Amino acid sequence: FNGKLNFLDISYNIIGSAGLHSIAQYLTDRDANEFSLKMGPTSRLGMIVFVENLPLMKALTNLEITDASALDEEVWIAFQEGLKQNTSLESLCICEGEDAEGMVSSAVANALQENKHLRQLHITCSQTGVVGAYHLARALQLNSTLRVLNLEHNLLQDAGAITLSQHLVRMKGIEQLSLCENNVGFDGAVALLGGLQHNASLRMFNFGGNPGATKQMMDIINFRLRLNQLGTTELLLTDGTPLALWSLAVENLAKRNWLDVLYHLLGEKPILMKR
C-alpha cells in the first residue's frame with residue numbers, strides 16, 4: 001500500500017490470515033491518521049489475527065465489518081480484548097452479525113467499559129434483540145464518551161426498547177440514538193418516552209418504521225428532544241440552578257419560537273413570568 005491511501009474496501013473477498021496480517025501490519029506501521037477499512041466476510045483465523053493487532057493500530061479510525069455471521073465466540077472474545085486497548089478507532093460498524101445469542105453485543109459492551117475513544121457504534125441487521133440491548137445499555141451506564149448508538153433492524157421489539165429505556169437515565173454521553181425498523185410497538189415507545197424524560201444528553205432520536213412511531217408519539221418525543229437541545233432538561237433535573245440560567249433558557253426559546261417548550265418551562269418555573 002502507498003502512504004496516501006485512506007480507505008480500503010476488502011469486503012466479500014474472504015481474505016485469510018496472511019492477507020489480514022499484512023493489512024494489520026500496514027495499519028500498525030502507518031503514521032498518518034484517519035484510515036477507514038471495510039471488511040467481511042473473512043476467515044475465522046484471519047479475523048483473530050487482525051483483531052489481536054487492534055491495540056497497535058494507530059491509524060485506523062473507521063472500521064466496518066460486514067457479513068459477520070460466520071465468526072464464532074472465540075473471535076468475538078479476541079475482538080473484545082483488542083477493542084479495549086485500541087485508542088484510534090472512532091467509528092465501528094458491525095452488520096449482518098446474527099447476534100441473537102448476544103456474542104457480538106456482549107463483546108462490544110465489555111470493551112466499551114474500558115475503551116473511551118470510540119464515538120460511534122453501529123450494530124445493524126444483526127438480530128441483536130433484548131439480549132443485545134441489555135448488554136449495551138449496561139455498558140453505557142459506565143461509558144460517557146460514546147456519542148452515537150445505531151441499533152436499526154435488530155428485532156428489539158417492545159422488550160428490547162423497554163430494556164434500553166430503563167437505562168436511558170444513566171446514559172450520560174449518547175447524543176444520537178437510532179432504533180428504526182425494530183418492530184417496537186406502543187408499549188416500547190411509551191417506555192422510551194419515559195426514559196427520555198430523565199435523559200438530558202440525547203439530541204436526535206431516529207425511530208421510523210416501528211408500529212409505535214405514530215405521529216402523536218413522535219410529536220411528544222421531538223418535544224422532549226427540543227428540551228434537551230437547549231439544555232432545558234438538564235436545568236429541570238438539577239436542583240439549585242441559578243435563576244439567571246432559567247432566564248437565558250427562556251430567551252433562547254423565544255428566539256426560536258418554540259412556544260410549546262416555552263410554555264412547558266414557564267409551567268415548571270412560574271417565577272420566571274415575574275421577571
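I started with Trp 76 and Phe 79 in helix H3 (residues 73-85): they are three residues apart, so about one helical turn separates them. Helices here are DSSP runs of H or I with at least four residues, strands are runs of E with at least two, and both are numbered from the N terminus.

I noted that this is a predicted model, where local features need pLDDT of at least 70, side-chain atom pairs count only at pLDDT 80 or more, and totals for chains, interfaces and linings use all residues. Residues are numbered from 1 along each chain as its sequence is written, and side-chain values use heavy atoms, with hydrogens and water left out.

Next I checked burial. Trp 76 and Phe 79 are both buried (under 20% relative accessible area, 1.4 Å probe, protein chains only; exposed is over 50%, partly exposed in between).

Then I looked up ring pairs of Phe, Tyr and Trp (its six-membered ring), with centres within 6.5 Å; planes under 30 degrees apart are stacked, over 60 edge-to-face, the rest tilted. I found three aromatic pairs by this rule. Trp 76 and Phe 79 are edge-to-face, at 5.4 Å centre to centre and 75° between the planes. Phe 205 and Phe 207 are stacked, at 5.2 Å and 25°. Both Phe 205 and Phe 207 are buried.

I moved on to strand E5 (residues 120-124). Four of its five residues are buried, so the rest of the structure largely encloses E5. Strand E4 (residues 91-95) pairs with E5 in parallel over five bridges (pairing needs at least two DSSP bridges). Leu 92 has Leu 121 in E5 as its bridge partner. Three bridges join E5 to strand E6 (residues 148-150), also parallel. His 122 is bridged to Asn 150 in E6.
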